[in-house]
Amino acid sequence: MDFPALAARKAVALALAEDGSHDDVTTRWSVPAGLQAQAEITAKQPGVIGGLPLVSEVFRQLDPEVVVDELVPEGTLVQPGRTVVRLTGNARSLITGERTALNFLQRLCGIATLTKQYVDMVSDLGVKVLDTRKTAPGLRALDKYAVATGGGGSHRLDLSAMVLLKENHIAASGGITPAIDAVRAGMAAEGRDLLIDVEVETVAEAVEALHARVPWIMLDDMTPAEIRQVVQAREEIAAGHGVVLEASGGITPERLRPIAEAGVDMVSVGALTHSAPGLDLSMLLTGAARA
């Protein structure tokens with residue numbers, strides 16, 4: 001996934017405004033105006049680095065004369081003490097932008113790190129780990145970029161990207177088959193062709209979706225035993241049709257492996273973006289000299 005530069009510009013502009021970066025009274029009153037300095041952003045715990053272009057965007061908007069050197073590639077697994085970014089420029093600018101840059105970088109590195117942990121647990125099984133729309137409002141493109149940096153995939157970017165019939169859609173439509181029929185009629189009426197994913201909660205519902213020939217079925221909060229029944233039903237009902245089975249709902253590290261071994265093709269994990277702890281990073285001045 002390419003870095004979402006437009007989303008980054010918008011998010012950084014809002015973050016700098018939120019932080020009052022135009023009126024950093026502490027820095028303005030304590031740091032000499034002409035002081036030039038160098039600073040380093042360093043990892044304080046193991047993790048995957050993702051989102052480095054955000055650091056450049058922060059200082060591009062704050063002070064374009066600050067030079068930002070990325071010292072590791074995106075997706076690098078680093079150990080404590082590894083310097084990942086070096087910055088050179090006006091000391092006031094470096095200090096004012098410190099928190100905004102770290103806030104973004106710590107969040108994205110944390111998401112990338114947690115994603116890699118999930119991905120590594122099932123890499124030998126060929127099961128793909130997906131994110132969800134449980135992202136921070138306004139930061140979805142960046143959150144999903146971080147998931148991709150950690151080796152995960154994106155379920156859908158937004159509501160227009162694909163059809164996902166969930167519990168409330170199905171209830172409002174009168175059932176799984178009526179919901180699928182209504183969606184297909186709507187697509188035909190608008191001349192569109194989108195992927196259809198149907199969320200099911202029981203083996204019986206999964207069988208109904210298989211008979212409806214939907215290409216993607218989300219197995220919500222099912223046990224490994226139930227998943228194996230659905231996998232068998234796929235072989236009996238829809239062999240050769242390429243139906244994708246996805247497990248979802250409270251996929252913890254403890255549940256991930258048994259669920260993947262039951263035969264699904266994908267698992268979607270909301271925790272990747274809504275519960276990833278930020279990676280501990282620090283930014284410290286390493287040298288300063290008056291202009």
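## Ground rules

Because this is a predicted model, local features need pLDDT of at least 70 and side-chain atom pairs count only at pLDDT 80 or more, while totals for chains, interfaces and linings use all residues. Numbering starts from 1 along each chain as its sequence is written, and side-chain values use heavy atoms, with hydrogens and water left out.

Helices (H or I, at least four residues) and strands (E, at least two) are DSSP runs, numbered from the N terminus.

## The aromatic pair

Let's start with the rings. The structure has one aromatic pair. For Phe, Tyr and Trp (its six-membered ring), a pair means ring centres within 6.5 Å; planes under 30 degrees apart are stacked, over 60 edge-to-face, and the rest tilted. Here the partners are F3 and Y145, with centres 5.2 Å apart and planes at 85°, so they sit edge-to-face.

As for accessibility, buried means under 20% relative accessible area, exposed over 50%, and partly exposed in between (1.4 Å probe, protein chains only). F3 is partly exposed at 23%, whereas Y145 is buried at 6%.

## Salt bridges

Side chains of opposite charge can pair when their charged atoms come close. In this report, a salt bridge is a side-chain nitrogen of Lys or Arg within 4 Å of a carboxyl oxygen of Asp or Glu. Searching the whole structure turns up twelve of them. One of these joins E40 to R86, with the closest N and O atoms 3.3 Å apart. That pair links distant parts of the chain, 46 residues apart, with E40 in strand β1 (residues 35–43) and R86 in strand β5 (residues 83–90). R86 is partly exposed, at 27% relative accessibility.

Next up is D143 with R107, at 2.8 Å from N to O. D143 belongs to helix α5 and R107 to helix α4 (residues 91–122), so this bridge ties together parts 36 residues apart in sequence. D143 is buried, with a relative accessible area of 0%, while R107 is partly exposed at 26%. Then there is K166 with E199, at 3.0 Å from N to O. K166 sits in the loop between β7 (163–165) and α6 (167–173) and E199 in strand β8 (residues 196–200), so the pair ties together parts that are 33 residues apart. K166 is partly exposed at 30%; E199 is buried at 8%. Elsewhere, D124, R257 and E261 are linked in a network of salt bridges.

## How the helices pack

Two packed helices are described by the angle between their axes and the distance between the axes. The axes are lines fitted to C-alpha atoms, for helices over the stretch in contact, and angles between N-to-C directions run from 0 to 180 degrees. Helix α3 (residues 52–62) and α4 have axes that come within 9 Å and cross at roughly 150°. That makes the two roughly antiparallel (under 35 degrees counts as roughly parallel, over 145 as roughly antiparallel, 65 to 115 as roughly perpendicular, and the rest as oblique). Residues in contact (heavy atoms within 4.5 Å) include L52, V55 and F59 of α3 and L94, A101 and L105 of α4.

Helix α4 also packs against α5, with axes 7 Å apart and an angle of about 45°. These two are therefore oblique to each other. Among the residues that meet here are F104, R107 and L108 in α4 and D143, Y145 and A146 in α5.

## A few single residues

A15 sits in helix α1 and is buried at 14% relative accessibility. Leaving aside neighbours within four places in sequence, A15 touches T100 and F104. The C-alpha atoms of A15 and T132, 117 residues apart along the chain, are separated by 24 Å.

Most residues other than glycine have a negative phi. R213 is not a glycine, yet has a positive phi of about 60°. R213 is in the loop between α8 (203–211) and β9 (216–220) and is partly exposed at 39%. D221 also has a positive phi, near 55°. D221 lies in the loop between β9 and α9 (224–237) and is exposed, at 51% relative accessibility.
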